[in-house]
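Reader: I'm new to this one and would like a close look at a single part of it. Could you pick one spot and walk me through what surrounds it?

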Amino acid sequence: MMRDVKDKTSVEYQRMAWDALRKSINGLVNKVNTSNIRNILKELIAENLIRGRGLFARSCMKSQMASPAFTHVFAGLVAVINTKFPALGGLLLTRIILQFRRAFKRNDKPVLLAVTKFLAHLVNQRVAHEVIALELLMLLLENPTDDSIEVAVGFLKECGAYLLEISPKCFQMIFDRFRAVLHEGEIDKRVQFMIEGVFALRKSNFQGHPAIISELDLVEEGDQETHQISLLDKDLDPESRLDIFAPDPDYLENEKKYETIKNSILGDEKEEKDGSASGSEEEDDEDEGEEEEDEDDPSQSIQDLTETNLVNLRRTIYLTIMSSVDFEEAGHKLLKIKLEPGQEKELCIMLLECCSQERTYLRYYGLLGQRFCMINQVFQQHFDECFLGQYTTIHRLETNKLRNVAKFFAHLLGTDALPWTTLEYINLTEEATTSSSRIFIKILFQELSEHLGLQKLNERLTDPDEQMQRNVGGIFPRDNPKNTRFAINFFTSIGLGGLTDSLREYLKNMPRFIMEQQKPVESSDDESSDSESSSSEPSSSSSSESDSDSDSSSDERSKKRRKK
């Protein structure tokens with residue numbers, strides 16, 4: 001659309017350029033991390049940050065509020081940008097201070113924790129002066145409450161190492177105030193333990209909480225521009241008008257000015273490439289021709305083997321899942337992510353991974369997985385593959401992760417979001433199971449019985465449908481009396497003996513079944529023996545007649561002896 005507009009100074013073109021700038025800045029800030037921060041900085045400086053300084057400040061604050069765990073990365077990004085454009089660092093710091101004031105006035109603890117964390121890392125990066133940190137701590141500890149002390153402790157953990165180095169006397173005053181609060185004893189026990197934890201952290205010189213990690217130490221000490229803005233300054237202007245589009249009558253001139261600034265920072269890469277290309281042409285024309293042919297060849301495409309896009313996708317999915325209020329909001333946001341064919345499995349893997357990392361199972365993950373299975377059958381197939389992968393490597397999981405995974409899949413099976421053909425992968429025998437897999441099966445079926453009820457679960461498992469019997473054939477084995485008894489004993493030990501009624505009946509009637517199977521064999525043997533006996537009947541009859549004659553002659557002899 002921007003190419004179609006001929007007049008580059010028109011309001012329509014400027015509005016489209018503004019929208020493109022906003023999207024570009026938001027995208028770059030959202031995907032920054034410790035490994036790609038140098039590349040992101042180059043791409044950000046390539047955008048017109050002077051015109052979009054309000055957009056940059058707002059994007060940094062929103063991204064940090066959504067993912068406070070990456071606060072140190074955002075602060076490192078701002079620190080480098082601040083060396084080139086100090087106005088951007090000053091604007092961002094002003095807005096953060098004003099946001100702190102509003103949150104402090106409303107007693108909004110979640111916002112206070114996030115804002116103070118951002119301020120702490122800006123102090124560590126020397127974007128903000130340490131006076132702001134001391135003013136903030138004194139303000140929070142002036143009239144201490146449980147919430148204000150919790151915020152102060154969180155702030156001190158982040159920038160305590162830097163304050164201890166730069167201003168030890170003021171740092172000692174802060175800890176004297178903490179000690180006084182402890183002696184007063186008017187705060188909750190939980191908060192007292194937090195203060196004691198800070199004292200222990202100070203004793204270890206804030207070990208494990210460095211001011212700046214090595215990956216984000218990108219600015220030389222003399223190059224940084226430090227802003228001395230007071231927390232109590234009343235004349236702070238957030239310059240909210242910079243967030244809204246406004247036509248620029250000198251648009252083209254300002255764009256050219258920024259182009260020169262950008263080239264002075266990054267260097268004119270195009271000219272360097274052209275110069276090297278012309279030099280190589282003079283040296284060797286034939287080699288240059290070969291290089292041009294290689295560039296024109298579509299087969300010579302660069303492949304990213306570092307899986308950067310995959311890592312960014314997983315990070316986006318993780319941040320979306322963790323920052324959503326409920327499963328409906330998370331599902332709506334995740335569906336907006338453009339997934340390439342085959343990337344649906346990454347969403348299933350990340351959802352299962354987030355679920356397993358929780359301390360206890362949250363129904364939020366089960367409902368989210370159920371929603372995706374109901375939307376598209378592709379997610380059912382991927383969750384089925386995830387079940388197989390988790391079950392085959394279940395011995396690698398800790399007990400807590402194992403429990404969360406089992407409850408997650410029990411929810412999907414109990415709501416029919418996942419087909420019961422998944423149970424085909426389970427083979428409940430003494431040889432085929434381990435202690436981990438038996439715990440997994442135990443939690444899975446206990447959750448299913450709680451969700452469906454024992455009677456309904458039993459009806460489902462004993463369904464005469466051939467497919468269903470094939471699905472549970474490995475769980476209720478009938479191939480060997482030993483395996484059958486093992487399954488009965490297992491379900492009885494976990495309190496679900498009612499599921500084995502049909503299996504017990506089968507084991508009880510197993511001798512009769514064996515006899516019934518043997519009867520046809522015996523009958524066939526009898527028929528063959530009868531045919532053999534019929535062929536020998538004449539000889540047997542003659543022998544019987546001779547025996548009768550001999551018997552009669554012996555009787556007559558006995559009678560004569562008696563008469564004598």
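This is a predicted model: local features need pLDDT of at least 70, side-chain atom pairs count only at pLDDT 80 or more; totals for chains, interfaces and linings use all residues.

Author: Q380 sits in helix α18, which covers residues 377-392. Is Q380 buried or exposed? Its relative accessibility is 19%, and the cut-off for buried is under 20%, so Q380 counts as buried. If you skip the neighbours within four places in sequence, Q380 touches C373, A417, L418 and P419.

Let's zoom out for a second. The chain has 26 helices and 0 strands. Of its 564 residues, 40% are buried. Take the contacts with a separation of 6 or more: 75% of them join residues 24 or more positions apart.

In general, nonpolar side chains in soluble globular proteins tend to be buried together. Here the largest nonpolar core has 81 residues, and L49, F56, L77, L122, I149, L156 and F178 have the most contacts inside it. The top contributor is helix α8 (residues 146-166), which gives 10 residues. There's also a second, separate core of 63 residues, and that's where L418 comes back, along with I337, F383 and F440 among others.

Leaving out neighbours within four places in sequence, L49 is in contact with I25, L44, F56, I81, F85, L88 and Y258. F56 belongs to α3, where it is one of the residues meeting α4, and it also takes part in the contact of α3 with α5.

So how does α3 (residues 53-66) sit against α5 (residues 86-106)? Their axes come within 9 Å and cross at roughly 50°, which makes the two helices oblique to each other. The crossing is right-handed. On the α3 side you'll find R53, G54, F56, A57, R58, C60, M61 and M65, facing L88, L91, L92, R95, I96 and Q99 of α5. By class, that contact has 9 nonpolar, 2 polar and 3 charged residues.

With helix α4 (residues 71-84), α3 packs at an angle of about 165°, the axes being 9 Å apart. That makes α3 and α4 roughly antiparallel, and α3 passes α4 in a left-handed crossing. Here F56, C60, S63 and Q64 of α3 meet T71, F74, L77, V78 and I81 of α4. This contact divides into 6 nonpolar and 3 polar residues, with no charged ones.

Definitions and conventions: Residues are numbered from 1 along each chain as its sequence is written. Side-chain values use heavy atoms; hydrogens and water are left out. Helices (H or I, at least four residues) and strands (E, at least two) are DSSP runs, numbered from the N terminus. Buried means under 20% relative accessible area, exposed over 50%, partly exposed in between (1.4 Å probe, protein chains only). Contact means heavy atoms within 4.5 Å. Axes are lines fitted to C-alpha atoms, for helices over the stretch in contact, and angles run from 0 to 180 degrees between N-to-C directions. Angles under 35 degrees count as roughly parallel, over 145 as roughly antiparallel, 65 to 115 as roughly perpendicular and the rest as oblique. A crossing is left-handed if the near helix is turned anticlockwise from the far one by less than a right angle, and right-handed if clockwise. Ala, Val, Leu, Ile, Met, Phe, Trp, Tyr, Cys and Pro count as nonpolar, Asp, Glu, Lys and Arg as charged, and the others, Gly among them, as polar. A nonpolar core is a set of buried Ala, Val, Leu, Ile, Met, Phe, Trp, Tyr and Cys residues joined through side-chain atoms within 4.5 Å.
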